[in-house]
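I open this notebook to record what I looked up in one structure. The entries go from the chain as a whole to a helix pair and then to the ligand surroundings.

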Amino acid sequence: MALTIAVHSYRGGTGKSTTTSNIAVLLTVMGRRVATIDLDLTSPGLHVIYNVSQQMLRYTLNDYLFGKCDLSDIVLDLTDHLGLPRGKLYFIGASMRPEDIARLMQEGYNETVFRELAESLAKGFDVEYVIFDTHPGLTEDTLMAVLSSDISLVIMRLDRQDITGTYLLSQVLRKFGKVCYVILNMVPPNMAKAPELAEELSRTLGMPVIGVLPFYDEVLAHRSKGVFALYHPRHPYTMRISQLVKTLNSWK
Ligand SMILES: Nc1ncnc2c1ncn2[C@@H]1O[C@H](COP(=O)(O)OP(=O)(O)O)[C@@H](O)[C@H]1O
Ligand SMILES: [Mg+2]
């Protein structure tokens with residue numbers, strides 16, 4: 001069975017897609033077989049980080065959810081495209097066509113679909129990790145993805161709006177018995193050094209903080225032009241993600 005992870009946040013722009021893509025790539029560096037799925041169906045973006053054009057995506061997750069194609073039609077193998085020396089990285093993209101997005105929002109979809117998707121990826125593609133990059137907040141589709149995943153990684157900033165919102169999120173997810181972990185992102189560099197930061201926040205939120213990622217000018221300046229870790233393998237950001245990946249690897 002694959003370990004399914006929902007990368008989630010209460011507020012937008014916390015770094016979900018950036019974190020997802022870097023975690024995925026560094027898992028492949030450890031020889032792992034990973035699938036990442038753009039579940040931010042109303043504002044997809046993971047394909048941009050992976051430099052995947054809409055032409056490369058013959059079919060999208062939307063087509064699959066509409067029953068227009070098979071799973072094998074929507075799974076894109078990015079291992080060579082990204083020049084990964086080990087492991088496997090698969091990607092399932094979402095449609096950028098306004099009519100597809102509108103239709104999905106109107107019709108919705110079946111809640112077992114994400115679990116079935118993860119199971120089929122494990123069976124058909126030997127995938128060990130399935131990572132859903134979701135839409136922020138407590139919308140129905142995201143909640144479905146979170147609930148059908150084994151664990152949820154909640155990405156947040158140190159902003160008080162994020163802290164209040166993430167607390168609410170944790171209370172809701174607790175009602176469903178979900179296992180959630182927090183990754184603090186874009187932490188002001190002078191605060192990221194404080195050893196007690198993760199511990200204090202874990203206590204406030206009632207969820208363990210498993211990673212602290214400072215704000216780096218270089219990550220922002222990279223502007224989603226590819227997966228950062230592949231361009232800057234020795235950057236402290238990459239090192240921090242590597243640390244996180246070791247934790248995830250130990251859970252599998
Ligand atoms: N640790 C970081 N330091 C600096 N910029 C970051 C960091 N993490 C993410 N970013 C930037 O923040 C922006 C939003 O990130 P993104 O991953 O698209 O967020 P989300 O998927 O949650 O909407 C991007 O421009 C990204 O490069
Ligand atoms: Mg995103």
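**Entry 1: the chain.** I counted the secondary structure and found 13 helices and 8 strands in the chain. I note that the model is a predicted one. I then looked up the extent of the C-alpha trace, which spans about 50 × 40 × 35 Å along its principal axes.

**Entry 2: helices α1 and α13.** Two packed helices are described by the angle between their axes and the distance between the axes. I looked up both for helix α1, residues 16–29, and helix α13, residues 236–251: the angle is about 65 degrees and the axes lie 9 Å apart. Angles of 65 to 115 degrees count as roughly perpendicular, and α1 and α13 are therefore roughly perpendicular to each other. I recorded the crossing of the two helices as right-handed. On the α1 side, the contact is made by Asn22, Ile23, Leu26 and Leu27; on the α13 side, Ile241, Ser242, Leu244 and Val245 make it. By class, I found 6 nonpolar and 2 polar residues in this contact, and no charged ones.

**Entry 3: the shell around ligand 1.** Which residues come nearest to ligand 1? Of the 17 around it, they are Gly15, Lys16, Ser17, Thr18 and Val219. I next asked which elements supply the shell, and found that α1, β7 (179–187) and α11 (217–222) each give at least two residues. Helix α1 gives the most, with 3 residues. I divided the shell by class into 6 nonpolar, 10 polar and 1 charged.

Key:
Residues are numbered from 1 along each chain as its sequence is written. Chains are lettered from A and ligands numbered from 1 in the order in which they are written. This is a predicted model: local features need pLDDT of at least 70, side-chain atom pairs count only at pLDDT 80 or more; totals for chains, interfaces and linings use all residues. Axes are lines fitted to C-alpha atoms, for helices over the stretch in contact, and angles run from 0 to 180 degrees between N-to-C directions. Helices (H or I, at least four residues) and strands (E, at least two) are DSSP runs, numbered from the N terminus. Angles under 35 degrees count as roughly parallel, over 145 as roughly antiparallel, 65 to 115 as roughly perpendicular and the rest as oblique. A crossing is left-handed if the near helix is turned anticlockwise from the far one by less than a right angle, and right-handed if clockwise. Two residues are in contact if their C-beta atoms, placed from the backbone, lie within 7 Å. Ala, Val, Leu, Ile, Met, Phe, Trp, Tyr, Cys and Pro count as nonpolar, Asp, Glu, Lys and Arg as charged, and the others, Gly among them, as polar. A residue is near a molecule or strand if its C-beta atom, placed from the backbone, lies within 6 Å of it.
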